[in-house]
Amino acid sequence: MSEVHVVSKPAATQSDAQSPLIDRWGRVHHALRISVTDACNIRCQYCMPAEQVQFLGQDKQLTVDQFATFVAAVAPLGVCNYRITGGEPLVRRDVPQLLQALRNIAGVEELALTTNGMLLAEQLPDLVDSGLQRINISLDTLSESTFRQLSRRNGLDRVLQGIDAAIADQRVEVRLNALVLRDVNFDDIYGLVEFAKDRNVTLRFIEFMPLDAERSWTLSRMVGGEELRSLLTRRFGPLNPVSDATTSQPSRDYEFASGGRVGFIDAVSQPFCGSCDRLRITADGRIRNCLFGTEEWDVAKLLRRGATLEELQQLVRLAVSAKHPSHGIADPKFRPPERAMYQIGG
């Protein structure tokens, strides 16, 4: 079981409330990932079990008002960038209401969403009208049969419709995410790059991480960023590092001399923990200071009893103060968290 903490000390002082969130290693925290649900409409191998998944009941999930209250507590501490995740966040129909609530909170600068794209085309207008600025869409293959093998569901056509709709809407920035499994979609990498180049969007390759529910992760199934960069250079020509990349972002972005941009999130082979500025809140109201962490801080309990913003801030500070210098995947004693990716938030 993950270790869960609750606040038990006096409320923070006014000076505490005005100071930024800095951990013991000097990292200043500016980003929060908000998982609004653990439910999903597909069952990707690298994330979820194939069958018999029990999702949180609605009574166990935080409400829009509770998420907004939490953001109102952390925004004054310098947390300005917010990403809505899941599960698949768009299976929850009140995401536009959440975006509207967040954009009205002082200190909120960026609102982003990560989605598998299957419900995006129909919901996109409401999302953008509500304040959404950036969308990351998962696209692991352009083959329907491979999509079915990887996600255990049909629906690639709906994903592509969502991508086209998002690209056509000039108000929102679009990025594509691809996760490559050597034994499933390794042959898709060139087609995915060409797809992104043709549409002038950034494609980011994400290394397979030991966060899948079925615990099938192996180093041999993972395709590392270094290998991908070598293969793509041979096919498309030199890759030049992007100079305007934000150092705290997980992706290391490059541009092809021939045009087009590609990024690599090498979370396993080249960890970026030293510049990590992210916190997470799960759909059931647990603060996590690391995707791979085994500790959680129960903020749902505070929210449901109407805690003050100072009490919420104090719990966040406890979580930040306990953050480790790295996720420790390379440590022989490393054990993945009990919760899988879909339960934590991507």
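Which residues touch the most other members of the largest nonpolar core?

1. In the largest nonpolar core, which has 107 residues, they are Leu-32, Ile-34, Tyr-82, Leu-176 and Phe-205. Such a core joins buried Ala, Val, Leu, Ile, Met, Phe, Trp, Tyr and Cys residues through side-chain atoms within 4.5 Å, buried being under 20% relative accessible area with a 1.4 Å probe, protein chains only. Helix α2 (residues 64-74) supplies the largest share of this core, seven residues.

2. The model is predicted: local features need pLDDT of at least 70, side-chain atom pairs count only at pLDDT 80 or more, and totals for chains, interfaces and linings use all residues. Numbering runs from 1 along each chain as its sequence is written, and side-chain values use heavy atoms, without hydrogens and water.

3. Beyond its neighbours within four places in sequence, Phe-205 has contacts (heavy atoms within 4.5 Å) that include Ala-178, Ile-189, Leu-228 and Phe-264.

4. In helix α3 (residues 95-103; a DSSP run of H or I, at least four residues), Val-95, Pro-96, Leu-98, Leu-99 and Leu-102 are buried. These residues lie on the same side of α3 because they cover an arc of only 160 degrees around the axis, taken from the directions from the helix axis to the C-beta atoms. Their packing partners are β2 (31-35), α2, β3 (81-85), β4 (110-115) and α4 (120-129), strands being DSSP runs of E, at least two residues.

Definitions and conventions. Buried < 20%, exposed > 50% of the residue type's maximum accessible area, 1.4 Å probe, protein only.
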